[in-house]
Amino acid sequence: MKKIIFLISWLFISSVQAQSLTDPDLFAINMQEIPPNIEKLGREYRHAQSQYDWKYAYRWNMPPIFDNEFHNIITTFGAVEKRINNPDEEYILRWLKSLPKEYYPYIGPLLHTMRGLSGKVLDLPGIKETKNKFPTRLASVFEDIPDIEFASPAMYIYLMPEVWGEKNSLEAPDLQYRKLQNPHKIKINPDFVAQVLQNVPEENFALNQQEKPQNLGQRHYFADSQTPLSSADVKAFINTGEGLKKFISQNNNELRFIMVDSLMRYQDIKNGENESVSFLKTAVNPCQTIARKVKWLRQYSAFQTAIGAQGFGLEDWAYTCDKIVKAYRVYKMPMSYIGVLNYTRKGLYDKNLKNYGYAPEELQTMRYHNAAFVQMYTATANDIDAIRPFTTQLKNLFFDLGSQYGGTPIVFP
């Protein structure tokens, strides 16, 4: 009976994990969110990030009589040896254990200079012995440099032969070049041409023939996440390009968009969202993230001016843009991605991860990355057909906007 219950539980958990790869709500962005007061949130964020009480950060803030309570706190802190725990300590420890021991002489000396690391890291076998030790194996380009042993420990990693490809490297084979022959002249068979002209009217080959008007399909106003794309929607989005470039260059908007990103992550995590999910959803749904930043920075009117001429509102522009980005990603996906994507979709990558001894939190982070990868390269056949006539224009537009628009990654293969 216990075995049956265990089997049912395992199947349920497996189905949940498999479903989470394509679950659209996993990286969803709440477009109805009420933006917080970012000035107040910014002060809270800076205080949370600091490990020091900035009560008297400046001399002119100090009263004539020093605060007794604050004086006792800093005196006690200075009198004890208890350190502030480094939040990345466990990650550093797992990272070191996953590295080859040959790397330790190039990393250990730097770790021994870092403040706040405990013996858990510094007494790790292989790291403990590297304190104040200069590496013995150097890349050949550094062997004749005088006094190189006085280099900063932060530079030791660049002294490692493997960084320069000197260990286990393969010599490039000599390539045999041959002169290309001029292609043979193509012989035209008159009978074949006559047959073609018989089946296809000659006027269809006319060079000066006017191009027939293209049917772009229905233009979808007030689109949401479920609205299918049409070529008319794609054309309208492309026509917002100049407005988007102008908007981000005005009023220091680019910098403001980048800086608000950390506040959004802080708010998400504070509200219980997983840190990896908060980070990855900006790549899965970049345009909805941009719309969210517009609302947070109260730039709705200016952004609406940039996109409104094409009949877009902020939210339907975001949904349309995200569908275009995903369809374009799939359309341009290299063949090498297809195999990896199918491998990930079937859960095979997740099964292999369990054999490498990762901690549960590391496995969960990798699963989130797998799910983000799958969703970034998921689009309907209809959406791909809609962007097909405009792939060159989209390529040029995305190039002009850059790999990031206002600090939001628009990731392409």
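## Two faces of helix 19

On the face of helix 19 that is turned away from its buried side, the exposed residues are Thr392 and Phe399. This description rests on a predicted model. The buried residues of this helix, which spans residues 391-401, are Thr391, Leu394, Leu397, Phe398 and Leu401. Viewed down the helix axis, these buried residues fall within an arc of 120 degrees, so they line one face of helix 19.

The partners of that buried side come from several elements, because the buried residues of helix 19 pack against helix 8 (231-238), helix 9 (241-249), helix 14 (314-331), helix 18 (381-387) and strand 1 (404-405). After the helix comes Gly402, whose phi is positive, near 95 degrees.

## The nonpolar cores

The largest nonpolar core has 48 residues, and Val234, Phe237, Phe303, Trp317, Leu394 and Tyr405 are the ones that touch the most other members. Helix 14 supplies the largest share of this core, with 9 residues. Apart from this core lies another of 14 residues, including Val277, Val284, Tyr368 and Ala372.

Leu394, a buried residue of helix 19, touches Val234, Phe237, Ile238, Ile324, Tyr328 and Ile387, when residues up to four places away in sequence are not counted.

## The chain as a whole

The protein chain contains 19 helices and 2 strands, and buried residues make up 35% of its 413 residues. Among contacts between residues at least 6 apart in sequence, 71% join residues that are at least 24 apart. The chain exposes about 28,100 Å², of which carbon and sulfur atoms supply 56%.

How values were computed:
Residues are numbered from 1 along each chain as its sequence is written. This is a predicted model: local features need pLDDT of at least 70, side-chain atom pairs count only at pLDDT 80 or more; totals for chains, interfaces and linings use all residues. Side-chain values use heavy atoms; hydrogens and water are left out. Helices (H or I, at least four residues) and strands (E, at least two) are DSSP runs, numbered from the N terminus. Buried means under 20% relative accessible area, exposed over 50%, partly exposed in between (1.4 Å probe, protein chains only). Contact means heavy atoms within 4.5 Å. Accessible areas come from the Shrake-Rupley method with a 1.4 Å probe; for residues, only the protein chains shown count as cover. The arc is that of the directions from the helix axis to the C-beta atoms. A nonpolar core is a set of buried Ala, Val, Leu, Ile, Met, Phe, Trp, Tyr and Cys residues joined through side-chain atoms within 4.5 Å.
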